[in-house]
Amino acid sequence: MAANHLLKEELHASVSDPVLDTMNFLNGITHRYPEAISFAPGRPYDGFFDVQEIFSHIRRYLDHLAESGHTPGEIRDAMFQYGPTSGQIRELIADSLRKDEDIDVAPEAIVVTVGCQEAMLLTLRALIANRDDVLLVASPCYVGITGAARLLDIELTAVEERADGLQCSDVEAAIRAERARGRRPRALYVVPDHSNPSGVTLTLDARRELLELASREDILLLEDSPYRIVSPGPQVPTLKSLDRERRVVHLGSYSKTLFPGARVGFAVADQVVVDRDGNEGLLVDEITKLKSMVTVNTSALGQAVVGGMLLAADGRTADINVDTSRYYGDAMQAILQELDGAFPEPERTELGLRWNQPSGGFFLTMDVPFRADDSALERSAEEHGVIWTPMSYFYPQGGGANSIRLSISYLTRSEISDGVKRLAGFIRSEIAAQTPLRPTRKSTSC
């Protein structure tokens, strides 16, 4: 072998992880078929972004620093230098969480991260101490948490999600089964509102039951809920707002609500940590130490943009997203109406098609009577001009072979209508291809 060649099998196992390969495949499909209508991306709709507003957001934040007593030199350093690892806009985030979500925490309990993905990665690294520590996740679950766990060699235990979300009894059974194996369930990662990928929202009773379980079984809940503010209507209280025992680490992001390009997220980790000498601190302090060795700090420019937007709305990001949440809510209703029109009852039942009806968020899921794998996706894009995401990508321990995820966030009403027509053509084509032809009766002569 040439001296400058590396063996892939000698690299970390995560580089060969199927999850990474599947996402690359999906990106490749999108690139190869640019004219296809894509129900795959979970990104915000571009129509709400105005390039010129970036400058006004930064200006507003700089004025805020000046009004707060910062000297010109301090303002210059705040924008051009590395800045504090914990973040520069923690006070603004704490104010926004209190007004938007009824989450009342001190700024010192918050660390500003490079998107929510870094918040997840750092929190997992801080909490999971050894090979016997286990992270529980829903199945299906967001691939970001799966990928982060695999990068860190963290063992996942999947708890099957039912039609109305995670059941407390299922989580409890998984916890006790892991303990019976001699392992320590450390935390449960959950997306309680309009989850990615299933679109399911947990009821208030289910949230309270999870908090009681966390207390009883001594685990933490890692709450990731990016779709609440961009969903229409009243929302169920967050787990963190209901948390009275500091059982919840709240992982946040401004990617869906404000500005994805800023790459600003955060973690609220107010759990008390005690060292061997009895000294007390907060979990957020330990997460911040880890961040100093990963990204050093979060972009000052990104924080300035988000800070300016929070200041403009007096911390109420829900007010900024009134039109946005209405748009996404209308888009969700549009695809549900189009699906009902494309596959009315009783044909839907006869074909073996089912889909859920989320009250908000970006995603819904559909069960189909054929294998919805990469090969089917390739046929869908090439022959019918429509792209979707195989649900099998989201099952950490296998599953979802006959289901697809549909995202409505990046599409207009006309694109949704056209896309569902194309999707219906693909589905009918797949069903026809696997339906055996009935033998015809041969005629006989007298």
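How are helices α2 and α3 oriented to each other? In this predicted model, in which local features require a pLDDT of at least 70 and side-chain atom pairs count only at pLDDT 80 or more, whereas totals for chains, interfaces and linings use all residues, α2 and α3 are oblique to each other, a class that holds the angles left over once those under 35 degrees (roughly parallel), over 145 (roughly antiparallel) and 65 to 115 (roughly perpendicular) are set aside. Residues are numbered from 1 along each chain as its sequence is written, and side-chain values rest on heavy atoms, with hydrogens and water left out.

The axes of α2 (residues 53-67) and α3 (residues 72-80) come within 10 Å and cross at roughly 140 degrees, the helices being DSSP runs of H or I with at least four residues and the strands runs of E with at least two. The crossing is right-handed, that is, the near helix is turned clockwise from the far one by less than a right angle. Tyr-61, Leu-62, Leu-65 and Ala-66 of α2 make the contact with Ile-75, Ala-78 and Met-79 of α3, where contact means heavy atoms within 4.5 Å. The residues of this contact comprise seven nonpolar, no polar and no charged.

The structure holds eleven aromatic pairs, defined by ring centres of Phe, Tyr or Trp (its six-membered ring) within 6.5 Å, with planes under 30 degrees apart counted as stacked, over 60 as edge-to-face and the rest as tilted. One of these, formed by Tyr-254 and Phe-266, is tilted, at 5.5 Å centre to centre and 40 degrees between the planes. Because Tyr-254 lies in the loop between β7 (248-253) and β8 (265-268) and Phe-266 in strand β8, the pair ties together parts that are twelve residues apart in sequence. Tyr-254 is buried at 5% relative accessibility, and Phe-266 is buried at 4%, buried meaning under 20% relative accessible area (1.4 Å probe, protein chains only).

Phe-370 and Phe-426 form an edge-to-face pair, at 5.6 Å centre to centre and 90 degrees between the planes. This pair links distant parts of the chain, 56 residues apart, with Phe-370 in the loop between β12 (363-367) and α15 (374-384) and Phe-426 in helix α16 (residues 413-434). Phe-370 is buried, with a relative accessible area of 3%, as is Phe-426, with 2%.

Ser-96, in helix α4 (residues 90-101), is buried, with a relative accessible area of 4%. Apart from its neighbours within four places in sequence, Ser-96 contacts Glu-101, Tyr-254, Leu-310, Gly-315 and Thr-317.

Note on methods:
Axes are lines fitted to C-alpha atoms, for helices over the stretch in contact, and angles run from 0 to 180 degrees between N-to-C directions. Ala, Val, Leu, Ile, Met, Phe, Trp, Tyr, Cys and Pro count as nonpolar, Asp, Glu, Lys and Arg as charged, and the others, Gly among them, as polar. Buried means under 20% relative accessible area, exposed over 50%, partly exposed in between (1.4 Å probe, protein chains only).
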